[in-house]
Amino acid sequence: MIIQIILGFILLLGGAELMVRGAVNIAKAMGISTIVIGMTVVAFGTSSPELVVSVDAALQNAGGIALGNVIGSNIANILLILGVGIVVVPPAIKRGELTFDAGGMLLVSIVFAYFCWRGTVGLGAGLLLLGVFVAFYVLSYRREIKLRPPTATKILREEVEEYQKLPGRPWVSWLAFAGGLGGRVVRR
C-alpha cells in the first residue's frame, strides 16, 4: 500500500508538471500572451492535482473528502506557503495592491462558510462559486492589463519561461500535455 501511495504521488505531481509544461508550450505556440498564460495555464495546472482528487472523491460519493481537500489545500496555500514566503523574503507590495485580492478571498470564504454552515454545498452553490471565480479572473486580468505593475508582469513572465523549457518539436508538447493529464487521472 505504501508503494501505491508513493507511486500515486509521483503520477499526480509528475503528471501535473508534464501537463503544465506541455500546455504552456502549446499556448505560446498559439500566440497567447505571457500574462494570460501565467494567470491561467500555470495557475490551473499547479492546482490540478487538488482538482483531480476532489473530482474523483465527488464521483465516488465521498463529498467529505472532496470538501476536506479543498479546505486543506486553501489552508496550506494561504497559511503555509504565504507564511513561509513572507518569512523568507518579505514582499515589497503597497497596501492598496492587496485590497482587491484579499477582499475577494475574504468574500468567497464567507460565502463558502455560509454554504457549509447551511449544510448544503450542492450544484447551485458550486455554480455560484464557479461564476464568482470566472468574474474574479476576468477582473484580475483587466486590472493586470490596466495597471501592469512591472514586478507582477516580470514574475508571470519568469514563471512561463520556467515552464516553457520543454525540448523538441510541437508534438512533444502535445504528448507531454496528454501524458501529464493521463498520469493525473490514472487509478490504481
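From the N terminus on, the elements of this protein run α-α-α-α-α-α-α. That comes to 7 helices and 0 strands, where helices (H or I, at least four residues) and strands (E, at least two) are DSSP runs, numbered from the N terminus. What you are looking at is a predicted model, in which local features need pLDDT of at least 70 and side-chain atom pairs count only at pLDDT 80 or more, while totals for chains, interfaces and linings use all residues. Residues are numbered from 1 along each chain as its sequence is written, and side-chain values use heavy atoms, with hydrogens and water left out.

Let's take the whole chain before the details. Of the 188 residues in the protein, 22% are buried; buried means under 20% relative accessible area, exposed means over 50%, and partly exposed is in between (1.4 Å probe, protein chains only). The protein exposes about 13,000 Å², and carbon and sulfur atoms supply 72% of that area. Accessible areas come from the Shrake-Rupley method with a 1.4 Å probe, and for residues only the protein chains shown count as cover. Now for contacts, meaning heavy atoms within 4.5 Å. Among the contacts in the protein with a separation of 6 or more, 74% join residues 24 or more positions apart.

Start walking at helix 1, residues 2–29. Its 28 residues reach 40 Å from the first C-alpha to the last, close to the 40 Å expected at 1.5 Å a residue; the expected span is 1.5 Å times one less than the number of residues. The buried residues of helix 1 include Leu12, Met19, Arg21 and Asn25. After helix 1 comes Gly31, with a positive phi near 85°.

Helix 2 covers residues 34–59, and Ser54 lies in it. Ser54 counts as buried because its relative accessibility is 11%. Leaving aside residues up to four places away in sequence, Ser54 touches Ala66, Asn69 and Val70. In the loop between helix 2 and helix 3 sits Asn61. Asn61 has a phi near 55°, a positive value in a residue other than glycine. With 74% relative accessibility, Asn61 counts as exposed.

Next up is helix 3. Its 26 residues should span 38 Å at 1.5 Å a residue, and its end C-alpha atoms are 36 Å apart, which agrees. Still, helix 3 has a kink of about 25°, centred on Ala76; the bend at a residue is the angle between axes fitted to the seven residues ending there and the seven starting there.

Helix 3 (residues 63–88) also gives the largest share, 7 residues, of a nonpolar patch. That surface patch of about 680 Å² is made by Val70, Ile71, Ile75, Ile78, Leu79, Leu82, Ile86 and Met105. Patches are made of residues with over 30% relative accessible area and no salt bridge, joining like charges within 9 Å and nonpolar side chains (Val, Leu, Ile, Met, Phe, Trp, Tyr) within 5 Å. A salt bridge, in turn, is a side-chain nitrogen of Lys or Arg within 4 Å of a carboxyl oxygen of Asp or Glu. An α-helix has 3.6 residues a turn, so residues three or four places apart point the same way.

Ser140 counts as buried, since its relative accessibility is 8%. Beyond residues up to four places away in sequence, Ser140 touches Met39 and Phe100. Ser140 and Met39 are 101 residues apart along the chain, yet their C-alpha atoms are separated by 8.9 Å.
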